[in-house]
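Reader: I would like to go through this structure with you, one topic at a time. Could we begin as soon as it is on display?

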Number of protein chains: 2
Amino acid sequence: MKTLIVYAHPEPRSLNGSLKDVAVSTLEAAGHEVRVSDLYAMNWKAVVDAADFGGYATGPLRVVPSSGGAYDAGALTPDVTAEQEKLLWADTVILQFPMWWYTMPAILKGWVDRVFSFHFAYGVGVHDETRYGERFGEGTLLGRRAILSVTVGGPQSHYTDRGINGPIEDLLFPIHHGILYYPGMEVLPPFVLYGADRISGGEFEDAAKRWKERLLTLETTAPIAFRRQNSGDYEIPSLRLKEGLEAPGRAGFRLHVRD
Amino acid sequence: MKTLIVYAHPEPRSLNGSLKDVAVSTLEAAGHEVRVSDLYAMNWKAVVDAADFGGYATGPLRVVPSSGGAYDAGALTPDVTAEQEKLLWADTVILQFPMWWYTMPAILKGWVDRVFSFHFAYGVGVHDETRYGERFGEGTLLGRRAILSVTVGGPQSHYTDRGINGPIEDLLFPIHHGILYYPGMEVLPPFVLYGADRISGGEFEDAAKRWKERLLTLETTAPIAFRRQNSGDYEIPSLRLKEGLEAPGRAGFRLHVRD
């Protein structure tokens, strides 16, 4: 297994830093290759701007064609190109981050915004009567598996079916489905550590043990059964789920997961 | 009306720049005061790190207590303090941004991550048997209204009840409920412009007209009827919605909106 860990926390001695270290040591001890993108240590540039696209930046700046033009010409910046190469090298991708304001920290969002360029992560494949590009089950990153490892400040009950924040699987759906599954990766159920602001040493040991078990079964864990876009489940080009396919009572994001 | 527009696009001549300009001119022509935080023009620092907290950064860095300590001492950085003052000055807040990967661009997420500090936007109020802090309907920004103005590349059908991306109201829920309603703001239904990558001049004129109508009714538009956390609808401290309160068939994020 070749694993890329994208890690987003400013403090190496944090819970997130410790979970990243657990992943590196566990996977390497099991004979796997591991690379880490430590976004804070890399001083990762979080913000998309014209400088990302060199001579391919349109004027006025239009992000999509500029991104695609620079990608096609091999002219994206070296930091972005290096991350795209790591994604192509990997067969497994772990995103390790604290949930801040119900999603990823800005530095990690900026990794997505810049690395997932046009013609690399989106704008791939043809559009015709049966296909709407290669995405949601197809795409550049097909054949790879991804998993989120997320720390959450609040307790689990706040993130359950009736919890005030909404169910954790719905909060993570835009990342799972919209960022990871979109360019072709299979997505495993997340590893979520609740109560992260008040964790004791013994609780950390328990969490590390559970995380190790997940790490050692990444190759055999069943992914979330998202529906493939071009499988016949959706009308083209409206991309609405065809009537009658859903399980009774299922709505919203959950329509897009098979039974 | 005193309106703060937080605007996140790198190109002034973009659709987002034009919608921001429409908002400024429309509101000022109607006699309102407007301030704009143009995050790209301000070269906004998107990434939370120890430098945000000066001498109040704990070692090892723990973001929550460092943020609260610096806020309490008036020692947050001047850029963050200025944004907090603008939020307190405003009675209406507009976030103008393109949807990138199903949420806000990194620069705007970094505005939230840094400006919404501990003791300002969260960690406010007491916890007891009937109250779990002041949030979701109470908090520092109570009495203000907020609205998202979002451009989306894809067509509307992809974002409807059965659309492959999920319903737009669910994609925006973590921002509406988790970022804007959390510190006390009422949230108006969003202004969403679909097909933004392929819009014609005539279509823009139509959109600008619809946006002007929304801008001129910000004071009278009914907000999204999110449930108040401390209103009796939730068990304390599990913060699970009490049984029997929901409309039939409603689940997930929509449980937290009253009928």
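Reader: To start, is B:Asp259 buried or exposed?

Author: B:Asp259 is exposed, with a relative accessible area of 69%. Here buried means under 20% relative accessible area, exposed means over 50%, and partly exposed is in between (1.4 Å probe, protein chains only).

Reader: Which residue forms a salt bridge with B:Asp259?

Author: The partner is B:Arg250, and the closest N and O atoms are 3.6 Å apart. B:Arg250 is partly exposed, at a relative accessible area of 28%. A salt bridge is a side-chain nitrogen of Lys or Arg within 4 Å of a carboxyl oxygen of Asp or Glu.

Reader: Which residues do salt bridges with shared partners join into one network?

Author: That network consists of A:Lys45, A:Asp49, A:Asp52, A:Asp79 and A:Arg114.

Reader: Before we continue, what should I know about the model itself?

Author: This is a predicted model: local features need pLDDT of at least 70, side-chain atom pairs count only at pLDDT 80 or more, and totals for chains, interfaces and linings use all residues. Residues are numbered from 1 along each chain as its sequence is written, chains are lettered from A and ligands numbered from 1 in the order in which they are written, and side-chain values use heavy atoms, with hydrogens and water left out.

Reader: How many salt bridges are there over all chains?

Author: The count comes to 32 salt bridges over all chains. One of them pairs A:Lys20 with A:Asp21, whose closest N and O atoms are 2.9 Å apart. A:Lys20 is buried, at 15% relative accessible area, whereas A:Asp21 is partly exposed, at 41%.

Reader: And what separates B:Glu83 from B:Lys86 along the helix?

Author: About one helical turn separates them, because they are 3 residues apart in helix H3 (residues 78–89) of chain B. Helices (H or I, at least four residues) and strands (E, at least two) are DSSP runs, numbered from the N terminus. B:Glu83 and B:Lys86 form a salt bridge with closest N and O atoms 2.8 Å apart, and both residues are buried.

Reader: How many residues are in contact between the chains, then?

Author: In chain A, 66 residues are in contact with 66 residues of chain B. The buried area between the two chains is about 5200 Å², and carbon and sulfur atoms give 63% of that. Buried area is the accessible area (1.4 Å probe) that two parts lose on being put together, summed over both. A:Trp101, A:Arg162 and A:Ile164 supply 21% of the area that chain A buries against chain B, more than any other three residues.

Reader: How many salt bridges are there between chain A and chain B?

Author: There are 6 salt bridges between them. B:Arg240 forms a salt bridge with A:Asp161, with the closest N and O atoms 2.7 Å apart. In chain A, helices H2 (63–72), H4 (106–115) and H5 (168–181) each supply at least two residues of the side that touches chain B. The largest share of that side, 7 residues, comes from H5(A).

Reader: A change of topic: where does B:Val187 lie?

Author: B:Val187 lies in strand S5 (residues 186–187) of chain B. At 0% relative accessibility, B:Val187 counts as buried. B:Ala146 is 41 residues away in sequence, yet the two C-alpha atoms are 4.9 Å apart. Leaving aside neighbours within four places in sequence, B:Val187 is in contact with several residues, among them B:His176, B:Leu180 and B:Phe226.

Reader: And in chain A, where is A:Glu186 found?

Author: A:Glu186 is found in strand S5 (residues 186–187) of chain A. A:Glu186 is partly exposed, at 35% relative accessible area.

Definitions and conventions:
Contact means heavy atoms within 4.5 Å.
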